[in-house]
Amino acid sequence: MQNTPLLDTTGIIFMGVYLASLILIGVAGRFARKENSLSDFYLSGRGMGLFVLFLTLYATQYSGNTLIGMAGSAYRQGYAFLVSVIFMMSVIGAYLIYAPKLHNRSKKHGYITVGDYVQHRFGSSVLTVFITIVCIVAVGSYILTNLKAIGYIVEVSTGGRVTFVQGIIALTLVMVIYETLGGMRSVAWTDAIQGILLIAGCIFIFCGIEYQYGGISAVAETLAVSRPDLWQPPDPEQKRLWLSTIIIIMFGISIYPQAIQRIYAAKDAKTLRRSFQIMIFMPIVTTFFLVMVGIVGLARFPGLDKQGSEEITLLLLNDMSVHIPGVKYFIILFLSAAVAAIMSTVDSALLAISSLFTQDIYKRIRPGASQSNLTGTGKIFSWVLMACMAYFAVNLSQTIWRLTEIKLEILCQVAPAIFLGLHIKSLHSRSILSGLSIGICITLFIMFSNSIGLSIEPKPWGIHAGVWGLAANFLTVGITSIYKRMPVKC
Amino acid sequence: MTKLRVCLISAFLIVASVPWFFTEFISGNILGFPTWAFYSLCITILYAIVTAFFFQRYWSLFADNNEE
């Protein structure tokens with residue numbers, strides 16, 4: 001980790017102004033409130049237009065891991081990490097299957113959360129609460145990993161002047177303040193700024209490496225000599241892992257509760273459709289660009305360890321700043337974009353968990369609570385949750401961090417309830433519940449088999465535990481559905 | 001076009017993006033990419049174009065409230 005600050009005084013002031021502007025946006029969101037209801041707070045009154053909807057979908061989907069982790073992964077894996085482009089696209093492709101119908105139903109029946117859909121469709125409180133808990137656990141662990149990332153970025157950027165802990169606390173406070181002030185409105189408007197910063201950051205970095213290093217074509221010959229292993233096609237197990245990664249990402253990320261909230265919040269179907277049509281191409285100017293950064297970095301700075309590879313984008317920017325005056329301002333832009341990307345992800349996840357708790361758990365305990373009471377409870381819950389998350393981000397033991405890695409593998413088990421439930425009328429809650437239970441059990445069994453003395457690979461045959469679980473899940477749903485249809489002989 | 005066919009075409013393109021049939025090293029590069037990586041990238045871009053078309057053409061098919 002560097003001790004030299006990446007941000008000078010100008011950069012720190014810029015970052016401070018940016019963070020202060022987010023709180024002002026929170027205040028603006030509060031004044032733009034039309035009514036004190038869950039629909040207005042969590043879904044911006046269901047009136048989100050194309051510009052904001054697209055940018056909030058974009059900013060929510062891409063986290064700080066995009067700017068830092070993707071380039072780092074590309075550095076370590078080389079061209080094989082091009083899988084990241086199609087796996088981000090596949091998430092949008094998955095929306096085609098369920099978003100049109102779910103959006104229509106949400107308008108008709110006033111859904112606020114994924115739990116509302118599950119309860120309305122299947123009429124099972126057990127299933128609804130089970131799915132709600134799965135979503136809360138998955139999204140909660142997502143918040144944890146991103147908070148840790150934000151603390152790291154702040155500490156590195158300021159050379160330790162703002163510590164890891166101070167960074168987490170400060171940015172957590174900013175997020176929870178603008179979120180509780182304006183709800184989805186504030187989150188979406190801040191996401192719009194953060195999305196623009198993210199796009200600008202990716203484009204500027206890509207153009208910079210093209211200008212300074214000649215881009216991917218120029219480094220090809222260098223890499224062909226220094227890393228001939230990268231030019232070999234993936235072996236059969238790697239190819240299965242490639243497909244498995246796409247499947248787990250597609251089914252896991254596409255049903256993030258915060259994404260479903262935005263499907264509900266869209267002004268109309270046409271707006272939602274157009275947003276997705278733009279989104280499908282965004283991995284080309286985001287993911288692909290950053291994979292190229294990682295590969296160019298591999299040629300320029302070979303031999304970095306894992307920690308070093310995570311900083312490859314910053315290394316390239318620092319290197320470029322020596323040759324190109326003004327690149328240091330790009331560093332400010334890049335770091336702001338990284339912070340923005342993480343904040344846009346965390347604030348959306350926080351809003352989603354808050355709505356899940358309020359609508360699907362608290363409202364069941366207090367069915368007579370008024371809308372203002374429910375909204376207020378959601379805001380208090382957000383403060384308590386973020387305080388706990390900040391604490392865990394600082395203090396959680398390494399072993400428990402392992403749990404955060406399984407969020408997608410667990411969350412994707414909810415997919416049949418949405419993908420099949422919307423299109424197959426005869427599907428019963430018991431089939432979904434059986435499939436969900438078996439899918440989660442198989443996933444956890446494979447992932448933690450080593451802890452109980454069994455020697456099962458974490459990815460048997462190159463396939464994620466969650467994909468094995470999902471296959472068993474769909475199979476169970478299918479078998480139990482067919483069994484239910486069989487006539488009973490008297 | 002039925003919903004199932006749309007899903008199958010999408011699934012086919014996703015599966016096809018994996019460079020299954022590239023088993024041996026091929027010298028040279030295409031625009032700086034290994035041949036197998038360039039192939040995968042082309043299928044990826046095709047997937048994006050086809051999916052954008054599907055959103056335009058078949059949104060109402062998936063939004064149909066008549067349940068199967």
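Chain A contains 22 helices and 0 strands, where helices (H or I, at least four residues) and strands (E, at least two) are DSSP runs numbered from the N terminus. The model is predicted: local features need pLDDT of at least 70, side-chain atom pairs count only at pLDDT 80 or more, and totals for chains, interfaces and linings use all residues. Residues are numbered from 1 along each chain as its sequence is written, while chains are lettered from A and ligands numbered from 1 in the order in which they are written.

**Confidence**

pLDDT is the predictor's confidence in each residue, from 0 to 100. Its mean over chain A is 87, and 96% of the residues of chain A reach 70 or more. Within chain A, the lowest confidence falls in helix 18 (residues 398–404), with a mean of 57. The highest is found in helix 20 (residues 415–419), at 96.

**The two chains**

The table sets out values for each chain. The radius of gyration is taken over C-alpha atoms, and the globule rule is 2.2 Å times the number of residues to the power 0.38. A residue is buried if 20 or more other C-beta atoms lie within 10 Å of its own, exposed if 12 or fewer, and partly exposed in between, with C-beta atoms placed from the backbone.

| Chain | Radius of gyration | Globule rule | Buried residues |
|---|---|---|---|
| Chain A, 490 residues | 23 Å | near 23 Å | 56% |
| Chain B, 68 residues | 16 Å | near 11 Å | 32% |

For chain A the radius of gyration agrees with that of a compact globule. The C-alpha trace of chain A spans about 80 × 55 × 45 Å along its principal axes. Chain B has 2 helices and 0 strands, and its C-alpha atoms fill a box of roughly 55 × 20 × 10 Å along the principal axes.

Two residues are in contact if their C-beta atoms, placed from the backbone, lie within 7 Å. Among the contacts in chain A with a separation of 6 or more, 84% join residues 24 or more positions apart.

**Where the chains meet**

The contact between the chains takes 33 residues from chain A and 34 residues from chain B. On the side of chain B that touches chain A, the elements giving two or more residues are helix 1 (3–16) and helix 2 (35–63) of chain B. Helix 2 of chain B provides the largest share of that side, 15 residues. By class, the side of chain B that touches chain A has 22 nonpolar, 10 polar and 2 charged residues. Here Ala, Val, Leu, Ile, Met, Phe, Trp, Tyr, Cys and Pro count as nonpolar, Asp, Glu, Lys and Arg as charged, and the others, Gly among them, as polar.

**Domains of chain A**

Chain A is assigned domain 1 (9–398) and domain 2 (424–490), with bounds that come from an automatic or database domain assignment. The centres of the two domains, taken over C-alpha atoms, are separated by 29 Å. Their contact takes 14 residues from domain 1 of chain A and 12 residues from domain 2 of chain A. Helix 7 (125–157) and helix 10 (236–253) of chain A are the elements that give two or more residues to the domain 1 side. Helix 10 of chain A gives the most to that side, with 8 residues. The domain 1 side divides into 8 nonpolar, 4 polar and 2 charged residues.

**The nonpolar core**

A nonpolar core is a set of buried Ala, Val, Leu, Ile, Met, Phe, Trp, Tyr and Cys residues joined through C-beta atoms within 7 Å. In the largest such core, of 186 residues, V291(A), F334(A) and A338(A) touch the most other members. Helix 16 (residues 327–365) of chain A supplies the largest share of this core, 22 residues. Domain 1 and domain 2 of chain A both give residues to this core, so the core lies between them. Leaving aside neighbours within four places in sequence, V291(A) has contacts that include M70(A), A74(A) and F81(A).

Helix 6 (residues 114–122) of chain A is largely enclosed by the rest of the structure, because 8 of its 9 residues are buried. Among the buried residues of helix 6 are D116(A) and R121(A). Their cover includes helix 5 (83–109), helix 20 and helix 21 of chain A. Just after helix 6 of chain A, G123(A) takes a positive phi of about 65°.

I442(A) is placed in helix 21 (residues 429–447) of chain A. I442(A) counts as buried because it has 20 C-beta neighbours inside 10 Å. Not counting residues up to four places away in sequence, I442(A) touches W468(A), G469(A) and A472(A).
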